[in-house]
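This briefing is for a reader meeting the structure for the first time.

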Amino acid sequence: YDGTSVFDTKFVTNWAGAKQAGIARGAYQFFRPAESAIDQADVMIRVLRTHGVGELPPVLDVEVTSGLAPDVVAQRAKV
């Protein structure tokens with residue numbers, strides 16, 4: 001997912017295909033600091049509960065600030 005609303009349309013196919021091919025899988029959430037951290041975590045949890053947790057730990061991908069100060073982005077990511 002990218003934030004709470006953009007789903008990778010190939011995720012389900014790639015997730016199942018990687019498992020079938022014996023490739024270790026791990027999911028990531030592209031973090032949007034201006035969106036609710038709780039809602040973003042809920043999206044990731046729901047997807048992994050539905051499709052399995054994979055073999056690698058989930059990752060939070062923090063690349064943008066949405067115009068917020070770095071300390072604010074860091075605090076929201078910690079949530």
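Gly52 comes after α2 and has a positive phi, near 100°. Helices (H or I, at least four residues) and strands (E, at least two) are DSSP runs, numbered from the N terminus. This is a predicted model, in which local features need pLDDT of at least 70 and side-chain atom pairs count only at pLDDT 80 or more, while totals for chains, interfaces and linings use all residues. Residues are numbered from 1 along each chain as its sequence is written, and side-chain values use heavy atoms, with hydrogens and water left out.

**Helix α2**
- At the N-terminal end, Ser36 caps α2, with a side-chain oxygen 3.3 Å from the backbone nitrogen of Ile38.
- The 15 residues of α2 should span 21 Å at 1.5 Å a residue, and the end C-alpha atoms are 21 Å apart, which agrees; the expected span is 1.5 Å times one less than the number of residues.
- Buried residues of α2 are Ala37, Gln40, Val43, Met44, Val47 and Leu48, where buried means under 20% relative accessible area, exposed over 50%, and partly exposed in between (1.4 Å probe, protein chains only).
- These buried residues fall within an arc of 125° seen down the axis of α2, so they line one face of the helix; the arc is that of the directions from the helix axis to the C-beta atoms.
- Arg46, Arg49 and Thr50 are exposed on the other side of α2.

**Nonpolar core**
- Phe11, Trp15, Ala27, Met44, Val47 and Leu48 make up the largest nonpolar core, meaning a set of buried Ala, Val, Leu, Ile, Met, Phe, Trp, Tyr and Cys residues joined through side-chain atoms within 4.5 Å.
- With three residues, α2 gives the most to this core.
- Val47 is in contact (heavy atoms within 4.5 Å) with Tyr1, Phe7, Phe11 and Gly52, leaving aside neighbours within four places in sequence.

**Salt bridges**
- The whole structure has two salt bridges, each a side-chain nitrogen of Lys or Arg within 4 Å of a carboxyl oxygen of Asp or Glu.
- Asp2 pairs with Arg32, their closest N and O atoms being 2.6 Å apart.
- This pair links the segment before α1 to the loop between β1 and α2, 30 residues apart.
- Glu55 pairs with Arg25, with the closest N and O atoms 3.0 Å apart.
- Glu55 is in the loop between α2 and β2 and Arg25 in the loop between α1 and β1, so the pair ties together parts 30 residues apart in sequence.
- Arg25 is buried at 6% relative accessibility, whereas Glu55 is partly exposed at 47%.

Technical notes
Polar contact = N/O pair within 3.5 Å; in protein donor to acceptor, adjacent residues only side chain to side chain.
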